[in-house]
Amino acid sequence: MAGLEVRLVAPGEVGGFNVLLAAHHYLGAHGSGRLLRYVACLGGQPVVLATFGSAAFKCRAREEFLGWDDEQRLARLGAVAGHQRLCVLPAGRRRNVASAALAVMLRRLGADHLAAFGHRLVAVETFTDPARGSGAVYAAAGFTAVGLTGGYGRARGRADYVFHGAPKQYWLRGLGTATAGLPRVLSSAFEVPLIAAAGRKGGIDVNTVDLDGTAGGGRGLLEYLREVTDHRKARGKRHRLEAILVIAAVAKLCGANSVYAIGQFAAAMSQQALARCGLGRNQRTGRYHPPSLKTIKRAIKAIDAAQADAALCAWLRQEADAGRVSLRHLAVDGKAVNGAKNAAGKAPHLLAAYDITDGSVAAQLDVDTKHNEITYFTDLLTCLDHDNNSRDDHDNDHDNNGDGDGDGDGDGEPITLVTADALHTQTGHVTAMNKAGLDWMLIAKGNQPTLEDQICSYDWESVPVSRQHHTNETGHGRHDVRVIRVADATDTIKTRWPGTQQMFLIERYRHARTTAMGDISACTTTGPHADTAPTDLFGCAQQLHARVSCETVTGIISLTPRQAGPADILTHNRDHWAIENGLHHRRDTTYGEDASRVRTGNAPRLLAAINNLVISVLNRAGHTNNASARRELGWDRTGGLRALELLGL
């Protein structure tokens with residue numbers, strides 16, 4: 001509706017809001033739980049009032065519709081908001097004003113709830129009295145009429161429920177772009193990404209996600225995998241290739257590391273799970289028959305592994321782009337699959353871009369044995385989906401209004417930051433990232449001695465305190481102090497490395513810390529001397545007779561001081577190594593990649609891609625311990641259904 005403005009009620013306006021609501025709504029102004037109050041105005045005059053709070057603790061119609069037991073209700077009730085009041089004021093008595101205002105409120109509810117309470121929502125519920133109206137406003141806003149309540153209510157000050165004899169109509173609406181998958185999402189036996197992200201900072205914004213598991217209007221995993229060319233002969237082919245790949249992914253999620261284990265798991269999958277994997281029904285028996293071990297072996301050996309890897313990464317990028325936070329951090333690094341051998345008799349080397357923000361693999365390429373990672377870095381960038389504008393002349397951009405985005409409009413475009421080790425500190429890489437609209441942070445070491453000398457020769461002692469930061473931490477048997485100093489890049493560096501905004505110097509101090517060395521209470525991260533952390537470290541090291549090691553790291557970054565301060569740069573530098581701990585180390589240990597006996601054909605590359613998929617899905621669902629999550633899925637008796645929930649199938 002033209003001219004309709006919807007906003008949250010300011011703290012100073014709550015009193016007036018409650019007076020208006022009590023005067024014009026038959027239930028009064030009382031609300032419960034985490035309340036958000038909205039007002040819709042036309043021409044500056046309030047026309048619609050609404051409140052959203054906590055969902056009803058118990059509701060038989062809801063529990064039957066979602067299939068909730070008591071445990072699921074307690075665990076997931078926080079993902080549902082209760083729409084408690086909708087009041088049209090006398091000034092708003094005009095056609096469609098209530099539904100128009102409610103639609104705007106529902107679109108912004110998820111973000112407002114996250115900002116106010118640090119928690120995302122998946123759905124909204126409400127109740128209407130059939131004796132007072134049909135609830136047409138809610139039907140027009142996309143709510144589903146689930147059913148009637150039992151006619152009981154919980155009176156104030158009473159622990160039990162009282163029968164009032166006036167059943168209410170219960171309505172439910174998902175906050176995504178579709179509601180058909182809402183019961184499955186809220187009642188799934190294992191946490192699906194939407195539920196896991198609901199309480200996590202930087203999680204998926206469900207206003208942009210279909211509840212069938214794909215990003216708004218996006219395609220599902222099976223649709224992406226159908227694009228992979230099937231090189232098998234048509235004669236005797238019974239199982240579609242995409243179905244075999246999904247079965248392999250489900251088996252990996254449930255703990256199967258080897259191809260033999262995948263075949264065993266496929267044979268034990270339930271009929272419902274096989275159907276959801278995309279298998280066709282056998283016309284003679286009327287059942288879904290899983291692929292045999294030989295079929296799985298032939299399929300993964302002959303597959304175009306690069307094409308399959310690209311399809312899996314494309315699906316992961318689509319899922320990660322839903323509700324994208326303001327900063328996307330991509331770490332680039334390579335890993336050799338040591339247990340395998342390619343046609344040249346060497347271990348395949350895979351270069352990956354790992355999304356630190358989302359915990360998923362955005363892209364991966366196979367590095368030819370005749371080249372190295374440097375050659376494939378630019379090709380890896382072309383695989384990435386990004387939203388930044390091209391910055392061919394980044395060094396001439398000016399931040400006139402001080403918002404840090406360099407475009408003068410103050411909008412603060414989403415940032416995609418690429419980090420890599422010193423191997424990729426190359427002028428050609430910087431040019432490619434600038435053209436692709438990507439921000440970057442690179443380390444200066446011996447392979448770029450001129451850049452390293454220029455940074456080290458800067459007068460770092462003159463850097464003001466506002467551009468310094470330090471961390472003082474103990475753990476893992478050591479005491480670590482990290483000190484960072486940041487300065488604007490010199491003109492010489494900007495000329496050689498276009499787009500550079502800042503340069504930094506990081507000093508890492510460390511000493512061992514064990515009870516066998518004596519009293520370790522001297523090592524502390526807090527206290528009156530926290531501002532002199534390096535001195536504290538040397539003092540406690542002296543008490544423990546421990547040796548202090550020191551390491552210096554220098555680098556450059558394309559982000560402005562407004563976009564990344566000293567603490568942010570230090571965090572980005574540390575977060576980069578999540579690609580080692582969160583991806584490469586897991587593939588070696590939890591997934592036994594280097595110990596795999598699959599060494600020929602395209603199978604090693606494909607299994608590595610499926611490992612990436614499984615790690616990404618579990619990370620996105622909030623499982624920091626992949627081994628524990630896989631054990632839980634493997635012990636499930638639903639034949640793979642819980643794992644399929646994670647894949648949106």
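Analyst: Helices here are DSSP runs of H or I with at least four residues, numbered from the N terminus. Just after one of them, α15, Gly437 takes a positive phi of about 75°. The model is a predicted one.

User: Which residues of α15 are called buried, and what makes them so?

Analyst: Buried means under 20% relative accessible area. In α15, residues 427-435, that label goes to His429, Val430, Ala432, Met433 and Asn434. Their cover includes α14 (373-382), β13 (415-420) and β14 (439-444). Across the chain, buried residues make up 50% of the 649 residues.

User: Why is α20 called oblique to α21?

Analyst: Helix α20 (residues 578-589) and helix α21 (residues 603-620) pack at about 125°, with axes 10 Å apart. Roughly perpendicular covers 65 to 115 degrees and roughly antiparallel starts over 145, and the rest, apart from angles under 35, counts as oblique. The angle of about 125° therefore makes α20 oblique to α21. The crossing of α20 past α21 is right-handed.

User: Which residues make the contact of α20 with α21?

Analyst: From α20 come Gly582, Leu583, Arg586 and Arg587, and from α21 Ala608, Asn611, Asn612, Ile615 and Asn619. They divide into three nonpolar, four polar and two charged.

How values were computed. Residues numbered from 1 in each chain as written. Predicted model: local features only at pLDDT ≥ 70, side-chain atom pairs only at ≥ 80, totals over all residues. Heavy atoms only, no water. Axes fitted to C-alpha atoms, helices over the stretch in contact; angles between N-to-C directions. Helix = DSSP H or I, 4+ residues; strand = E, 2+ residues; numbered from the N terminus. Left-handed = near helix turned anticlockwise from the far one by under 90°. Contact = heavy atoms within 4.5 Å. Nonpolar A, V, L, I, M, F, W, Y, C, P; charged D, E, K, R; others polar. Buried < 20%, exposed > 50% of the residue type's maximum accessible area, 1.4 Å probe, protein only.
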